[in-house]
Number of protein chains: 2
Amino acid sequence: VNEDILKKFEPVFYPKSIAVVGASSDDAKSGTQFLSALVSAGYQGSIYAVNRSAGKSHGIDIYPDLISIPGHVDYVIVAIPRIAVSQLLDDCAAKGVKVVQLFTAGYRESGTEEGIRLEKEIVEKAHRGHFRIIGPNCIGIYNPSMKIPYGPMNNIGEPGPVGFISQSGGHGGRFIELAMERCINFSKLVSFGNGADLDCVDYLEYFAADPETKIIGAYLESVSRGRRFLELLRQVSTVKPVVIWKGGRTEAGAEAAASHTGALSSSYAVWKAAMTQAGVIAAESLEELADTIVALESIVSPAGRRVAIVSGMGGGGGGESVLGADACIGQGLEVPRFSDETRRQIGSLLPPAGTILRNPLDLGGSIPGLPVLEKIIHLILADENVDILIVQEHLGKLMGSLLGGQVSAINNVLVSTWKAQYKPLVMVTPAWAPSPAALEMEKKLRSTGLPVFRSFDTAARSIARTVSYYEHRKSL
Amino acid sequence: VNEDILKKFEPVFYPKSIAVVGASSDDAKSGTQFLSALVSAGYQGSIYAVNRSAGKSHGIDIYPDLISIPGHVDYVIVAIPRIAVSQLLDDCAAKGVKVVQLFTAGYRESGTEEGIRLEKEIVEKAHRGHFRIIGPNCIGIYNPSMKIPYGPMNNIGEPGPVGFISQSGGHGGRFIELAMERCINFSKLVSFGNGADLDCVDYLEYFAADPETKIIGAYLESVSRGRRFLELLRQVSTVKPVVIWKGGRTEAGAEAAASHTGALSSSYAVWKAAMTQAGVIAAESLEELADTIVALESIVSPAGRRVAIVSGMGGGGGGESVLGADACIGQGLEVPRFSDETRRQIGSLLPPAGTILRNPLDLGGSIPGLPVLEKIIHLILADENVDILIVQEHLGKLMGSLLGGQVSAINNVLVSTWKAQYKPLVMVTPAWAPSPAALEMEKKLRSTGLPVFRSFDTAARSIARTVSYYEHRKSL
């Protein structure tokens, strides 16, 4: 079955040739922007432009219609007015196109009878013409390994483990941007808009089967084929974690969703109960989606609830300890005592003044010498009472008071001590307006695979979600 | 009564002379850092240094003891070992000092009998010597109007409307930093640590009476004189909004709080119920404190719940509308229909394609011409169905695609249209790692007095809290 699904989606995510219908010499046109991004991303398949006006678009020959293209076309991006789509789809059928992605809007989401009728028509044409439709009213796919950018978006990330399904084109784009900033990388992402033909069930089936995808994220406003979708979620989440943010939860939100992607959303309470039962992790915003994925990337089974906290590295201290413990317990995690042996050994390493020798361990704003820091991190990670360690580091202050190389050296100690052990370490680096230097250091930390959060709150929530997910999976 | 309180606190917040005991020529010493910050901040009163070692510290003559200082001393900062404090307090009494701030720690928070005994002793000495104590185990006061910095902190902000009480020195410092980034300015702030003499009741009485303070914020781990404190909160919050973040809410947090400031915290549920009844706004983190204060600074009575949303300025669009509506409704706000007249007029201004003409109004990623933008903002703010307007602007994208001057021009239209009316406008500028240019533009927007948040979630929560506060006040 997996083989069949992968084969069915081959031309969706790995097209060998792409035609952009609506690309021209006018850079203000969406079609041109799709084409331009595809060219500059370095997509290696054949690229064609189609438009009634002849000439070239970003170095690509423009054909007057699809039929005139000499080679085969796997995938067609449609960025032309709705009125011209019907004829184009006939051409797609004649040309043997496999996938049609409609950026064009004005279908079911318009709420008009005409729009609804036309959406039915394009689906019928797809069935008869043996091609699949992504959309309409969507940005389509993003596949870094194929150098296929997200629509007109000009930057492209590295390939990675996250598969993402977005009903909203805008949220898809914002999530890619947020992901780049958080060092989250994608196997593939799809914005599917109205999902007239291929819908959330299809995409979920694919990501479940796709060997490149280890974690599945989604932004959904509604669900088609609800029973099948739930059943599928239940199966998938025993193998791969699934994190979903549901938009259109409230009446006004649902109304906006209806005119956004023509979605009919059900009550959020019903939705949330169903998700929990299916083992899905529910997020409440793009930021929470990103946070949860950051945690899922590095905390794996068996994951425990017992958290050790080290605070006051370069600022903060006592208040941060209180906050850290509150945040963890508030999320259902535990903040246990260190073992007597750990206390004894840490006690022999640190000066009594300024240190509070318990869990949370408060370093009182100062940084011990690197060999001592290494021993402390090692001791805590090795403590049999501890499943996971959160270290709070005030990067802004550290970068202000130390040389960059010194901060790197401190972080290298954290990273190497962590990598030498089998327990997760999570960093909290508080900041609203991080300086460029602090931001760079944060990214450097993150690029080692270490999860980095900006607050104890988000760290604790993301850890708790991840641990709960593995507990649920284990209970089955 | 107010006059008495202001007089009592005159030497606490407006000392005419300050002596730093423990300052020396050694820059690594805390005392030296307190003195150095005081000198470089430009404090205009007399500054003295006291230490057994003679010489100078940052240009200030060092006296061997307090008694040797020729002039009068209002305020003494104590940064010497605990063992030397008793003698110093006798000197303070002899010298006629009015306020003693103890950075020195090792009292009740140590949990030792010795520490508890010594804390009682210093309070007795203060009573007998007719001076007041701030602390022990604290950073003391911050008063920008007097150019008194926050302990050793090297930067000082502008004077402003926010009075802040912090039981934690670290959180006090972090809050000042966060406040600088969010353009929140202080009348005064105090970190009071163990609060052995002057406690949260005293400081709250002062901020209630202080004409410079319009909004009161606090981080507390525990409360002394609980009944009096609650009664006072009830009174104050009918006149000035009070926002409190309570730390040590959970068992582990409370344990950390006990060793942090010797605080004994009560059940958080009990606390929260009492706060709600007293009309206090409860926050759950420093970030929420800041967000709430940003909202309180610009949304004043009569504040209504009916929110208009404009999304998709420079990015986002449909998905953002759904999110914005969900966030507002989720916080108990309303997202009403625009009046027919508003719809008609906006409809005549905007192209039908790409625009979704409802509330939320989705501009579909593009920015209309400035005269049109001005009319739209004006129409929505003037709509009788609307109490408040949230505009989502993707500053990062705008700064990437337009010139800085163009973005400024757009923002100027927003600001001037808002200032010409009597309804609040709130900006949402999503970002995790804002570019320096976007950050500067965000700060520029914020410096006009416009509240700026990074997500619909935080905007909606802060607005809802502010509106609820005014509703509560009106209901009394």
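**Aromatic pairs, interface and backbone**

User: Is B:Tyr206 buried or exposed?

Analyst: In this predicted model, B:Tyr206 has a relative accessibility of 2%. The class buried covers values under 20% relative accessible area, exposed those over 50% and partly exposed those in between (1.4 Å probe, protein chains only). B:Tyr206 therefore counts as buried.

User: At what pLDDT do side-chain atom pairs count?

Analyst: Residues are numbered from 1 along each chain as its sequence is written, chains are lettered from A and ligands numbered from 1 in the order in which they are written, and side-chain values use heavy atoms, with hydrogens and water left out. The model is predicted, totals for chains, interfaces and linings use all residues, local features need pLDDT of at least 70, and side-chain atom pairs count only at pLDDT 80 or more.

User: How many aromatic pairs does the whole structure hold, and how is the pair A:Phe192 and A:Tyr203 classed?

Analyst: Rings of Phe, Tyr and Trp (its six-membered ring) pair if their centres lie within 6.5 Å; planes under 30 degrees apart are stacked, those over 60 edge-to-face, and the rest tilted. Over all chains, the search finds 30 aromatic pairs. A:Phe192 and A:Tyr203 have ring centres 5.6 Å apart and planes at 35 degrees, so this pair is tilted.

User: How many residues apart in sequence are the parts that this pair ties together?

Analyst: Helices (H or I, at least four residues) and strands (E, at least two) are DSSP runs, numbered from the N terminus. A:Tyr203 belongs to helix α6 (200–209) of chain A, while A:Phe192 sits in the loop between β10 (186–191) and that helix, so the separation in sequence is eleven residues.

User: Which class of accessibility applies to A:Phe192 and A:Tyr203?

Analyst: The relative accessibility of A:Phe192 is 3%, a value that counts as buried. For A:Tyr203 the value is 0%, which also counts as buried.

User: How is the pair of B:Phe13 and B:Tyr206 classed, and how many residues apart are the two?

Analyst: The ring centres of B:Phe13 and B:Tyr206 are 4.8 Å apart with 25 degrees between the planes, and the pair is stacked. B:Phe13 lies in helix α1 (residues 2–13) of chain B and B:Tyr206 in helix α6 (residues 200–209) of chain B, so the pair links distant parts of the chain, 193 residues apart.

User: Why is α6(A) described as largely enclosed, and which elements cover its buried residues?

Analyst: Nine of the ten residues of α6(A) are buried, so the rest of the structure largely encloses the helix. Among the buried residues are A:Tyr203, A:Tyr206 and A:Phe207, and these three also belong to a cluster of ring pairs with A:Phe9, A:Phe13 and A:Phe192. The cover includes α1 (2–13), β7 (132–134), β9 (159–166), β10, β11 (215–220) and α7 (226–236) of chain A.

User: At what distance from the ring centre of A:Trp271 does A:Lys246 lie?

Analyst: A charge sits over a ring if NZ of Lys or CZ of Arg is within 6 Å of the ring centre and within 35 degrees of the ring normal. In chain B, B:Lys246 lies over the face of B:Trp271 at 5.3 Å. In chain A, A:Lys246 lies over the face of A:Trp271, and the distance from the ring centre is 5.2 Å.

User: What area is buried between chain A and chain B?

Analyst: Contact (heavy atoms within 4.5 Å) joins 49 residues of chain A to 49 residues of chain B. Buried area is the accessible area (1.4 Å probe) that two parts lose on being put together, summed over both. Carbon and sulfur atoms give 60% of the total, which is about 4200 Å².

User: How many salt bridges are counted between the chains, and which residue pairs with A:Glu177?

Analyst: A salt bridge is a side-chain nitrogen of Lys or Arg within 4 Å of a carboxyl oxygen of Asp or Glu. The count between chain A and chain B is four. With the closest N and O atoms 3.6 Å apart, A:Glu177 forms a salt bridge with B:Lys397.

User: What omega does the peptide bond from A:Gly135 to A:Pro136 have?

Analyst: A:Pro136 is in the loop between β7 and β8 (140–142) of chain A. The bond from A:Gly135 to A:Pro136 is cis, with omega near 0 degrees.

User: What is phi of B:Arg225?

Analyst: B:Arg225 is located in the loop between β11 (215–220) and α7 (226–236) of chain B, and at 43% relative accessibility this residue counts as partly exposed. Phi is positive, in a residue other than glycine, with a value near 50 degrees.
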